[in-house]
Amino acid sequence: MISRREVRVTEAFFEELDAQLGSVRGQTGEPSATDFLVIDLPAVVERFASGFDELPEAVEGIASARMFIGSSALVRAFVVHGIETTEGVVELVGVELDRGR
């Protein structure tokens, strides 16, 4: 049993995050992609690294595809999708945000 996995963030993840939040903070305080990366992503990476097997399957019956569902001060809710490679590395491949608006 693997106790801790290496986690990598893919280009697709960054592209999805930028498309949803943008690269700069909004004039009325809307968060930027950088805000999410600095504030929320470290805890997400830690969860995938230390608790991958406990996360729900993103697709029922496919143990290598997991998701982390969370909330934060920046967004009402988010889902991050991760896939474990054959080498045991988890790649974060996507993110969906609910900004609550």
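Guide: The model is a predicted one. F52 counts as buried because its relative accessibility is 1%. Another pair is made by F68 and F78: the ring centres are 5.9 Å apart and the planes stand at 45°, so this pair is tilted. Since F68 belongs to strand 2 and F78 to strand 3, the pair ties together parts that are ten residues apart in sequence. F68 is buried, with a relative accessible area of 18%, where the cut-off for buried is under 20%. F78 counts as buried at 4% relative accessibility. With F36, the residues F68 and F78 form one aromatic cluster.

In general, strands of a sheet pair through backbone hydrogen bonds, either parallel or antiparallel. Here strand 2 and strand 3 (residues 77-84) are antiparallel and share six bridges; the two form a hairpin with six residues between them. Two of the residue pairings can be named: F68 has V80 of strand 3 as its bridge partner, and I69 has V79, also in strand 3.

On to the next pairing in the sheet. Strand 3 and strand 4 are likewise antiparallel, over eight bridges, and G82 stands opposite L92 of strand 4. These strands form a hairpin with five residues between them, and G88 in the turn has a positive phi of about 90°.

At 0% relative accessibility, F48 counts as buried. Setting aside neighbours within four places in sequence, the contacts of F48 are V7, L55, R66, M67, F68, V80, H81, G82, V90 and L92. This list includes both F68 and V80, which are bridge partners, and both G82 and L92, which stand opposite each other. The C-alpha atom of F48 is 14 Å from that of V95, a residue 47 places away along the chain. Within helix 3 (residues 41-51), the buried residues are L41, V44, F48, A49 and G51. Their cover includes strand 1, helix 1, helix 2, strand 2, strand 3 and strand 4.

Helix 2, one of the elements in that cover, spans residues 33-39 and contains D35. D35 counts as buried, with 9% relative accessibility. Its side chain reaches the backbone nitrogen of S32 at 2.9 Å. Apart from neighbours within four places in sequence, D35 is in contact with R25, D40 and L74.

Methods
Residues numbered from 1 in each chain as written. Predicted model: local features only at pLDDT ≥ 70, side-chain atom pairs only at ≥ 80, totals over all residues. Heavy atoms only, no water. Helix = DSSP H or I, 4+ residues; strand = E, 2+ residues; numbered from the N terminus. Buried < 20%, exposed > 50% of the residue type's maximum accessible area, 1.4 Å probe, protein only. Polar contact = N/O pair within 3.5 Å; in protein donor to acceptor, adjacent residues only side chain to side chain. Contact = heavy atoms within 4.5 Å. Pairing = 2+ DSSP bridges. Phe/Tyr/Trp six-rings, centres within 6.5 Å; stacked < 30°, edge-to-face > 60°.
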